[in-house]
4 protein chains.
Amino acid sequence: MALLVEKTSSGREYKVKDMSQADFGRLEIELAEVEMPGLLSCRAEFGPSQPFKGARISGSLHMTIQTAVLIETLTALGAEVRWCSCNIFSTQDHAAAAIARDSAAVFAWKGETLQEYWWCTERCLEWGAGGGPDLIVDDGGDATLLIHEGVKAEEEYEKSGKLPDPASTDNAEFQIVLGLIRDSIKVDPKKYSKMKERLVGVSEETTTGVKRLYQMQASGTLLFPAINVNDSVTKSKFDNLYGCRHSLPDGLMRATDVMIAGKVAVVCGYGDVGKGCAAALKSAGARVVVTEIDPICALQALMEGIPVLTLDDVVAEGDIFVTTTGNKDIIMVDHMRKMKNNAIVCNIGHFDNEIDMLGLESYPDIRRVTIKPQTDRWVFPDSSKGIIILAEGRLMNLGCATGHPSFVMSCSFTNQVIAQLELWKERTSGKYEKKVYVLPKHLDEKVAALHLGKLGAKLTKLTPAQAEYINVPVEGPYKPLHYRY
Amino acid sequence: MALLVEKTSSGREYKVKDMSQADFGRLEIELAEVEMPGLLSCRAEFGPSQPFKGARISGSLHMTIQTAVLIETLTALGAEVRWCSCNIFSTQDHAAAAIARDSAAVFAWKGETLQEYWWCTERCLEWGAGGGPDLIVDDGGDATLLIHEGVKAEEEYEKSGKLPDPASTDNAEFQIVLGLIRDSIKVDPKKYSKMKERLVGVSEETTTGVKRLYQMQASGTLLFPAINVNDSVTKSKFDNLYGCRHSLPDGLMRATDVMIAGKVAVVCGYGDVGKGCAAALKSAGARVVVTEIDPICALQALMEGIPVLTLDDVVAEGDIFVTTTGNKDIIMVDHMRKMKNNAIVCNIGHFDNEIDMLGLESYPDIRRVTIKPQTDRWVFPDSSKGIIILAEGRLMNLGCATGHPSFVMSCSFTNQVIAQLELWKERTSGKYEKKVYVLPKHLDEKVAALHLGKLGAKLTKLTPAQAEYINVPVEGPYKPLHYRY
Amino acid sequence: MALLVEKTSSGREYKVKDMSQADFGRLEIELAEVEMPGLLSCRAEFGPSQPFKGARISGSLHMTIQTAVLIETLTALGAEVRWCSCNIFSTQDHAAAAIARDSAAVFAWKGETLQEYWWCTERCLEWGAGGGPDLIVDDGGDATLLIHEGVKAEEEYEKSGKLPDPASTDNAEFQIVLGLIRDSIKVDPKKYSKMKERLVGVSEETTTGVKRLYQMQASGTLLFPAINVNDSVTKSKFDNLYGCRHSLPDGLMRATDVMIAGKVAVVCGYGDVGKGCAAALKSAGARVVVTEIDPICALQALMEGIPVLTLDDVVAEGDIFVTTTGNKDIIMVDHMRKMKNNAIVCNIGHFDNEIDMLGLESYPDIRRVTIKPQTDRWVFPDSSKGIIILAEGRLMNLGCATGHPSFVMSCSFTNQVIAQLELWKERTSGKYEKKVYVLPKHLDEKVAALHLGKLGAKLTKLTPAQAEYINVPVEGPYKPLHYRY
Amino acid sequence: MALLVEKTSSGREYKVKDMSQADFGRLEIELAEVEMPGLLSCRAEFGPSQPFKGARISGSLHMTIQTAVLIETLTALGAEVRWCSCNIFSTQDHAAAAIARDSAAVFAWKGETLQEYWWCTERCLEWGAGGGPDLIVDDGGDATLLIHEGVKAEEEYEKSGKLPDPASTDNAEFQIVLGLIRDSIKVDPKKYSKMKERLVGVSEETTTGVKRLYQMQASGTLLFPAINVNDSVTKSKFDNLYGCRHSLPDGLMRATDVMIAGKVAVVCGYGDVGKGCAAALKSAGARVVVTEIDPICALQALMEGIPVLTLDDVVAEGDIFVTTTGNKDIIMVDHMRKMKNNAIVCNIGHFDNEIDMLGLESYPDIRRVTIKPQTDRWVFPDSSKGIIILAEGRLMNLGCATGHPSFVMSCSFTNQVIAQLELWKERTSGKYEKKVYVLPKHLDEKVAALHLGKLGAKLTKLTPAQAEYINVPVEGPYKPLHYRY
């Protein structure tokens with residue numbers, strides 16, 4: 001794919017797979033809107049005052065139908081938006097087309113190469129003269145990473161004249177990042193530094209990106225304020241849990257049509273994502289086994305009737321393996337060799353390094369048979385035995401299906417909108433330092449409240465006497481900060 | 001689509017959508033074989049003796065990947081096979097292509113018109129000189145119906161010279177059937193009568209077809225022996241129940257991506273299919289309501305914590321409506337008018353007449369917006385309110401997804417193979433009269449046993465003393481005929 | 001306990017533990033009535049016409065609160081009733097007291113010896129001059145057995161003068177039966193033969209008793225008509241399944257207070273009782289393993305995510321073992337020796353011979369520590385390791401808790417009332433031969449229908465067109481006989 | 001009951017119901033030990049060093065079998081212990097007897113009056129000369145309350161000579177407390193002040209007590225350090241959730257034998273306790289409805305398929321009502337009047353003021369019929385309609401059953417032991433101020449780890465590279481403080 005930026009008739013830049021899918025995308029966006037009451041409420045509440053007037057927002061987050069509704073909520077509130085996906089397989093091309101045509105600059109398509117992926121990320125941050133975005137919506141932290149690495153390299157270059165050297169790392173993807181920055185320094189040695197200056201802040205969507213942010217905060221290298229959206233209750237306890245409970249079986253079914261009932265399913269990790277996956281598999285009739293490092297999560301699994309074993313204990317018995325850990329090196333090629341013929345191996349946690357894709361690809365004489373896109377059978381040479389890898393080890397719910405459903409993403413994305421509004425509103429007040437913040441509980445409760453009506457729920461109201469008795473305001477927030485839900 | 005029969009280089013007839021998908025079909029067939037131990041066991045046990053040597057088998061049954069494994073089991077046992085689908089949307093085109101190229105005459109594609117559908121059925125029964133098939137594998141009874149109607153018309157024609165008159169019926173589909181027979185009588189006034197003479201028998205797959213067979217048995221009009229495969233325990237209590245538990249959410253997700261959690265789902269009918277659907281929806285987090293006519297099934301629903309109400313009680317609150325009744329006129333256009341905007345209405349039970357598609361289509365000024373194939377939004381004129389119909393009211397798991405998964409279909413289809421073997425073996429013995437039979441329990445138990453190894457199960461063996469104590473043979477069958485499982 | 005019959009002031013015979021509990025029993029009977037709409041409906045429908053006027057009914061069925069409501073339904077319809085329990089531990093003494101005081105002759109207490117048990121059974125059948133009962137309500141078939149053995153012995157005695165010899169059998173319980181009959185022949189050599197003459201028939205409650213009846217039917221030795229109540233759908237698919245789902249954890253909790261969550265529970269047998277037990281244990285958070293002989297039931301367990309293994313495979317890992325088979329010699333003393341310390345072993349299926357109590361009791365130097373009645377720790381001599389046996393191996397839900405709850409027993413017992421009414425109505429018509437019958441489906445559906453109102457359910461009504469379409473009467477029955485629910 | 005302190009032969013003080021039950025208590029304590037690996041591990045790890053040597057511990061916590069194992073763990077570590085129950089119905093008399101005989105001073109019996117209850121609490125704190133206890137184990141905060149109120153009154157008395165006046169409050173229970181303190185000041189005007197001086201700290205078990213502590217911390221009135229055990233993950237997410245999932249149905253069954261399947265169950269509150277209750281009721285086959293004030297918890301319920309309504313919406317349809325809120329005035333007498341006949345009303349949350357017992361008792365002409373202890377039918381005068389109240393509105397799992405099972409209490413109580421050890425170890429270090437603390441995460445994880453072996457679980461070990469990648473120590477703690485599990 002030639003990496004050329006195209007333009008709509010109105011001059012908006014984009015690069016998508018197939019602009020003719022825009023109508024189809026629009027129809028699905030309209031369906032999704034009905035399922036996303038939180039975002040629609042934001043439009044109704046804030047749209048008239050155009051709070052984002054003048055704000056440039058760059059987003060790096062799976063370019064799906066749900067994200068399209070988020071983007072159009074941001075634009076409905078006055079923002080100008082550029083977008084890329086945060087995963088090479090997660091773009092829904094009809095969503096990208098509809099947004100590119102109607103609402104925002106989009107650089108995303110399903111099945112990017114890593115080179116293309118970072119090209120898109122760069123485009124997403126490129127606002128022409130005057131530097132970069134005012135705000136970033138990030139998922140996994142790649143946009144944030146690029147800026148931080150860019151600034152670091154520019155500072156080094158200014159100091160020592162040394163350019164970043166892709167050969168200095170083994171990591172293929174990081175080589176691309178360094179190459180990109182090297183090339184950009186040659187053109188403009190202050191590009192990322194200027195970007196940093198303008199930047200008001202970032203709101204981060206997911207565990208992995210949040211972890212990176214806290215590490216930068218701890219090491220004092222964080223360059224701008226960040227809001228941790230992931231740890232809103234209405235995000236991590238909803239999208240991670242209920243989203244995966246929905247989208248894991250969806251991905252398995254679309255990719256393999258395999259019957260889940262009767263199978264042995266091994267879920268690596270029993271955090272929110274793992275809990276959602278295990279619940280889905282169990283209720284579909286699988287025998288679920290969990291692997292865990294954390295004794296508390298392990299004991300939770302046991303209380304739900306799920307055995308906790310090590311991967312080595314069950315590697316030869318499992319039919320389906322799912323990684324949900326947010327860590328690396330979970331399922332190694334040596335594990336895969338010991339699996340049953342046609343065992344399914346997939347990742348719904350984090351990057352593709354949860355599964356040892358590198359080890360698999362470089363296994364001597366291994367043979368890859370692509371059943372269909374994102375569904376590959378890898379056949380070991382010493383037998384006719386193969387295993388089935390979904391989405392090349394990347395997030396299978398986005399690679400093989402359509403990700404989380406609209407309703408639960410409405411919770412997550414309403415948090416995003418609120419976080420962006422907060423950062424923008426306080427851009428000059430100094431309220432936010434170069435630290436990581438979570439949203440206050442009353443906003444978290446508000447996000448939930450916005451989603452109850454659609455489901456026909458009715459809340460009970462505290463009487464003043466009751467509120468006093470439990471020492472909370474009648475209108476909330478109702479729980480102490482440490483409450484775990 | 002021009003209705004012309006094509007031929008492979010080896011001379012085998014076919015009509016499929018796209019022969020270039022044959023490789024893809026073959027890869028998925030190979031995956032499915034690993035999941036269908038019952039059929040593979042039949043190949044191993046019976047293949048060497050070629051019991052179907054000389055037998056012509058016509059099948060009218062969803063032309064999916066799983067059916068492909070069934071067809072190739074029949075051919076592996078020596079049969080010659082012709083096939084069509086029993087549903088206009090259920091064909092998987094890559095499966096049809098692989099079979100057409102490699103194994104059997106196929107006339108089937110996804111999205112047939114009714115006219116095309118019956119043309120395919122006719123082709124499937126057409127074996128050239130010497131009459132029709134020896135055996136029929138039927139699903140829903142359309143092949144059986146065509147022969148019975150053909151014979152009836154030919155007899156009438158012989159007696160009175162009267163040709164069937166399509167105008168004699170309101171039913172659009174039956175008009176096509178009558179037209180077809182009228183045309184065939186003009187060419188060969190004994191075609192179906194000769195077919196009947198040759199026919200050894202039929203094995204019928206599903207409730208609806210079985211119901212028709214018992215009615216013909218009761219009225220004395222059944223023309224050949226029939227084996228009711230549907231009421232093998234390993235069929236009706238597996239494929240209907242566990243198959244639908246799997247494929248209902250699969251169809252919903254592929255068609256609409258809707259979040260099931262939090263929704264109100266109304267399941268019309270709580271038979272085996274309804275039980276599977278309700279279980280799936282409940283465990284996905286929906287609030288399920290069941291409608292029932294049968295007090296026993298209703299009480300079962302209540303014991304599972306599912307309220308039993310009438311459709312009128314809940315029509316305005318439901319988000320998802322599923323018909324599973326095997327009856328007609330379940331959800332009428334007047335119900336649909338009262339539903340919420342974007343309520344999803346689908347059928348997984350039987351024919352498209354469970355939903356009043358005719359009433360919907362003929363509703364004044366209604367507007368149909370096709371989101372994507374098999375997913376239509378019907379917008380009522382007096383508002384912007386619409387409802388979403390899946391698969392045009394036909395079986396949504398086959399129209400919007402890929403039907404039941406391989407493993408459970410292996411149970412059903414192993415029953416089919418055993419039934420076909422039995423009919424063929426006894427073709428001259430007189431064992432089977434023009435009646436409907438079920439398979440003996442020991443074969444039913446055998447089908448189950450063939451599927452245990454794949455799931456790592458180990459059976460306990462009765463001691464002779466125990467067997468005597470409960471008065472069964474050590475090797476089974478273990479239960480009385482009336483046992484309900 | 002001295003085995004002396006006592007009399008109420010009105011002259012009614014009884015033998016119960018403690019008459020002072022009658023008031024307490026009455027209060028619980030009144031609560032139960034609210035939960036037993038089927039029985040209350042029978043009183044309303046049939047009470048005025050007194051159909052049992054003149055009928056003597058003997059019942060051998062767990063003397064619980066629920067049974068009390070059954071007994072008082074029989075008396076409300078005009079019957080005279082005598083009752084005993086069919087299990088030495090199942091009597092609820094307050095229920096027995098209330099009935100003895102208010103309604104019927106009762107011979108039952110919790111904790112009978114076997115000798116006492118059969119004395120009670122004998123009393124229950126003893127109606128003074130004029131022979132025995134007109135009708136029997138039996139559970140497990142002990143009353144029926146006593147009559148059949150009595151008649152057999154009397155015939156032998158008449159023929160050969162030989163008296164039954166208790167020493168002719170190893171079975172301790174059967175020795176008691178033979179002794180009883182021997183003594184009765186000495187007093188009246190025609191007692192059971194006369195009883196047989198009078199008897200109109202028996203309605204049998206449970207699988208074990210039904211199995212015995214079919215064996216007698218097969219061997220031509222059945223002496224009177226029998227109605228198999230167990231195989232009414234509203235019995236076997238309700239009380240066996242949902243009753244045990246309720247009462248198994250109830251019994252476990254009352255007997256041991258053990259936390260079920262996290263434990264490995266082994267359920268021997270996956271019939272209706274096993275399905276109920278497995279469901280309860282699974283939802284309480286246990287890891288359930290099933291043992292099965294029947295491949296179909298085994299495959300059902302697997303489809304629910306439950307592994308199927310042999311007892312030997314899991315004996316060392318199980319924390320809780322439950323027998324539900326209806327067979328004997330399921331858990332042997334050699335199994336028990338291999339179990340974990342304080343493993344719980346109990347039976348909810350059938351007689352105490354599911355567990356090898358004899359082997360346990362006779363194990364050299366074993367030590368029995370009674371924690372509380374029906375909860376014993378048996379300590380093996382070679383270690384301090386012990387296992388916990390509930391209810392001495394007899395039905396633990398009745399021994400350690402209060403049996404099935406009222407609502408589900410209302411289904412079962414409404415079938416009993418209907419069966420008794422049917423036998424009595426047709427006592428002279430010859431409709432029933434010396435065979436085993438099940439109730440017709442429309443009565444089964446009626447039993448279910450009587451229980452819907454209490455749960456707020458509303459049935460859908462078939463239109464005549466729909467009824468014709470599926471070929472059933474508008475008012476039912478709705479299903480073919482072979483339908484499995 | 002005469003409130004006289006008795007003494008064992010060794011001179012230990014006690015007041016229990018029936019010392020003859022000590023052997024039975026001992027047997028059940030021995031069973032419980034096998035289920036409480038955390039406490040047993042503490043004995044093994046710390047017993048040899050006798051860390052509590054010299055420490056006086058007063059405990060106010062349900063005097064059950066599980067608590068007995070806690071007490072004997074404290075004594076095994078060197079402590080001297082006095083104990084009372086924190087609920088008038090929760091004592092298990094055989095547990096109290098065994099402890100009184102063998103291990104500690106106990107003042108507790110099932111069915112105390114409020115007067116007796118506070119007498120017991122006073123005894124528990126009374127260590128003779130030298131003041132009160134060094135440490136308190138509290139549950140609900142009554143022991144802590146008594147000391148705080150005592151000190152406040154003594155200070156007032158010293159300042160103004162004014163004695164506390166029971167007539168100054170409406171609250172019947174608080175009148176007793178004030179009377180007690182008034183009487184104690186008359187005897188020793190410095191009793192509680194001296195107690196405070198000696199006190200090292202308290203560890204508090206439950207939500208309600210913790211709430212009181214945080215309020216005192218906020219108002220600056222907390223007199224000594226407190227460790228909030230409730231908010232250890234291994235407490236609130238285990239005992240509150242899984243404990244109630246077990247003990248709610250246990251209490252319902254023992255008290256009423258009611259069939260849960262098919263019923264409408266209304267759970268007021270969807271916190272940890274409510275989640276456990278709802279899960280248990282749902283899996284037992286009830287239709288569950290939740291009432292909530294908190295939109296986040298409400299949305300969680302919806303995601304599990306549970307409708308969220310107000311009590312007024314469902315009061316006429318519910319069969320079972322359970323309060324779990326920790327608030328007051330949840331189910332009022334006006335609600336109860338509208339309920340179905342024999343609706344069951346119970347509380348598993350907090351104090352008996354969740355249910356308007358006062359309103360019920362003072363309802364004109366209401367009639368109370370005691371079915372059995374802790375199970376009362378209250379009959380409204382204007383009808384024969386009654387409702388059933390469990391445990392007089394107090395914690396029904398402790399009043400009607402035996403509370404949480406041993407295994408989950410082992411988690412909670414291991415936290416207690418660790419908290420007590422920590423307070424005692426740091427008694428002079430100044431580490432703990434007059435504030436509320438939670439245990440550090442690594443101890444929380446340790447508690448979980450101690451319970452895995454019993455359930456046969458195996459943890460996965462992080463590699464150093466993985467630990468570095470996610471930035472945690474290889475040995476944990478593995479999660480950030482805000483992690484919600």
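Predicted model: local features only at pLDDT ≥ 70, side-chain atom pairs only at ≥ 80, totals over all residues.

Residues are numbered from 1 along each chain as its sequence is written, chains are lettered from A and ligands numbered from 1 in written order, and side-chain values use heavy atoms, leaving out hydrogens and water.

**The sheet in chain B**

- Chain B has an open sheet of 9 strands with mixed pairing, in the order β1-β2-β5-β4-β3-β6-β7-β8-β16.
- Strands here are DSSP runs (E, at least two residues), numbered from the N terminus, and two of them pair if DSSP finds at least two bridges between them.
- β1 (6–7) and β16 (436–437) of chain B sit at the edges with a single partner strand each, so one side of each has no neighbour in the sheet.
- β3 (residues 56–60) and β4 (residues 80–84) of chain B run parallel, paired over 5 bridges.
- Ser60(B) stands opposite Cys84(B) in β4(B).

**Where chain C meets chain A**

- Each chain brings 12 residues to the contact, which means heavy atoms within 4.5 Å.
- Chains C and A bury about 870 Å² between them, 68% of it on carbon and sulfur atoms; buried area is the accessible area (1.4 Å probe) lost on being put together, summed over both parts.
- In chain C, Arg287(C), Met303(C) and Gly305(C) lose the most area to chain A, together 47% of what that side buries.

Definitions and conventions
Helix = DSSP H or I, 4+ residues; strand = E, 2+ residues; numbered from the N terminus. Buried area = accessible area lost by both parts, 1.4 Å probe.
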